[in-house]
Amino acid sequence: MVYSTADKNRLDIARDAITLFAIVTWVWILYYAFTQQMDRILFTVIFLGAIMLVYLGDELIDAIEDGNTLDMVLLSVSSVITIGTTVYMYAFYETLLSIRVGTALTHEYAIAAAFVLVVLYLSYRAYGLTFLAVIVAAILYGVYGNYAPGILRHGGFSLNRTANIMVLDFQGVYGSISRIIATWVALFLLYAGLMRGFGAFDLIMRLALRAAELVRSGVALSAVTASIIIGSITGSQAANTAITGSFTIPLMKESGIDSEVAGGIESVASTGGQIMPPVMGAAAFVMASLLGITYLDVLVAGLIPAAIFYGSVIIAVHYTGTEQLRGQDLDVAVTNHFDERLSRRELAIQGARFGIPFAILIWTLGVLQWTVLTSALYTVVAMLVTGFGFPLVATITNGGDVKAEFSDLLGQAAFGFREGAIILAPIAIIIASINGVVDILEASGVPGVLSLALLDLSGGVMVVAVILAMIISIILGLGMPTVAAYVVVAALIAPALVQQFFVPELAAHYFVLYAAILSGLTPPIAIAVVVATGIADSNFWRTCFEALKISAPIYILPFAFIYNPELVVGGWGPWTFASGLIALFGAFGVSHGLNYHGKFFHPSPAVVFPVKGVYFVAGLLAMVFPNTAVRLACVALILVLVIAQLREPILARFGSGSAADSDPVSGTKD
């Protein structure tokens, strides 16, 4: 569509208005975090309305640019309904909360129905038709449950009761998980936005590229490390794949890695970031709230599983990257991808600029054990101080133009505020819809039904039950943001494992969290792979295959939480570390069997595939089997096989001084 200069100016003004509204919203959130004087439920009402308006405004500008009249009308109507509902719920807060509990006036039911439709519409815009169909099906089940078959049947809810559950009782879209997003998660996403605005993501990429100059597979390893660090904050596999993949995938392809492999590596790394402490894609905070434990307990529980994941993926990516880059003349100089190469001193200064706020986050949460809200507040304030302070001090020291530098920093900060809101908005919207649906399902007794059904289908056999739970969790995950996927499976699946099979509660929640996240890699949904495929211009199914090979240990790790729960509930005891080390060797065996490209004793497939199978099975048992002696025996088998497998190339290297093949482990000629 062709625009005149005046039209473009009006659109620019509209964008600036959205940015200004986002900044005002963030300032208000920061003020609440500092004072905490408003009722938490009322704060959530205003927060959800404001963040939905940011999203609606951003989408409306895109619709105007595209000339899509239908979208413009729907988004405009949605904006009016959102403003009206938020103002009404604020104005009549005390009445609805205290006086007319469980009942409402006719026009209030109409307001609630309209607002639910807006939330569903925005969920559809953000996450597509498949997710919308699931949400609508759940609501219809609540209303027409009296027609459901067998044990799924319940009395059914009237439309008025559904409206009360979804909106008017301040549950549903304003429920407990929405309150966690508003009061805990929001400021972490502002922190992520400010990091991106001030250039932290560029710094991470620079450091990763420096590492890539030292190791042959470093290009692929740099993509993994950068994506995991960034992904631990963004809270969405798809968003992280889009943010980091737009840089790392072309870099890997440029270095000689196939499109499918590059897409697979990025999608796995972006998914893995969601389980990496300290933020864990915001799921850690929700888990702490649901279980009634401290955030520090959740953080400690997640460290060893995260280390197992990271170690296994690094091994798999090293093998794959080395094979892909065999014989390539690598040139990954930073100057090929950035305008200038920073000196070590400049890198150190930038590291301190972004490291100080992160250190404050760890210190306040982990050592001082302040509340999540207060810790996030101080982290954001520190990010603003160092974000502005370091460049201004450097400019003054070097005699530069302070006014111009300050103006540029204001632009970066404004971009960070806007980016934080844009990242947060879809997550807040989908959590609102998920929260409403979960409340409906809980009111209809679905968690108890699923618990009994899981016990019945498994015949009381635990291994069958956890496999079924894994499959259901992956399906329920639907490629949603981490925190949304976790909320669903924590409400519907975790109770069955705890009540029917006596799995420790923390282990059950970690099991369903990992399982739900895996939906981002599991076809046919595989949302992380879909995004990576689009960037890499690769074949979806082949990219999925590469991603599954690299991520295989992550599919096994949740079962390890069930059969060796000390991995997540053992604290920092020596047995926890020992069990974690055994599981890490098991993960190595799985990755080695699936991703190693060197000799497996003999080039014949009749030898190669059985040996690969032995590695895989031994690794799986070392991770999962509930007997220490068996696990240690499997680790010993893996180590013996590896030593025997590498013995011939080593002897050739030190004996004859040459060999026909390259060793993928070192990336050098034998």
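**Helix packing and positive phi values**

At 66% relative accessibility, Asp537 is classed as exposed (over 50%, whereas buried denotes under 20% and partly exposed the range in between, with a 1.4 Å probe and protein chains only). Asp537 lies in the loop between helix 22 (527-536) and helix 23 (540-563), helices being DSSP runs of H or I with at least four residues, numbered from the N terminus. Its phi is near 55°, a positive value in a residue other than glycine. Most residues other than glycine have a negative phi.

The model is predicted, with local features requiring pLDDT of at least 70 and side-chain atom pairs counted only at pLDDT 80 or more, while totals for chains, interfaces and linings use all residues. Residues are numbered from 1 along each chain as its sequence is written, and side-chain values use heavy atoms, without hydrogens and water.

Phe170, likewise not a glycine, has a positive phi of about 60°. Phe170 is located in the loop between helix 6 (159-168) and helix 7 (176-198) and is buried, at a relative accessible area of 0%.

Helix 2 (residues 40-66) packs against helix 3 (residues 69-91) at an angle of about 165°, with the axes 9 Å apart; axes are lines fitted to C-alpha atoms over the stretch in contact, and angles run from 0 to 180 degrees between N-to-C directions. Helix 2 is therefore roughly antiparallel to helix 3 (over 145 degrees). Contacting residues (heavy atoms within 4.5 Å) include Leu53 and Leu56 in helix 2 and Leu75 and Ile83 in helix 3. The residues of this contact comprise 14 nonpolar, six polar and two charged.

Notes. Helix = DSSP H or I, 4+ residues; strand = E, 2+ residues; numbered from the N terminus. Parallel < 35°, antiparallel > 145°, perpendicular 65-115°, else oblique. Nonpolar A, V, L, I, M, F, W, Y, C, P; charged D, E, K, R; others polar.
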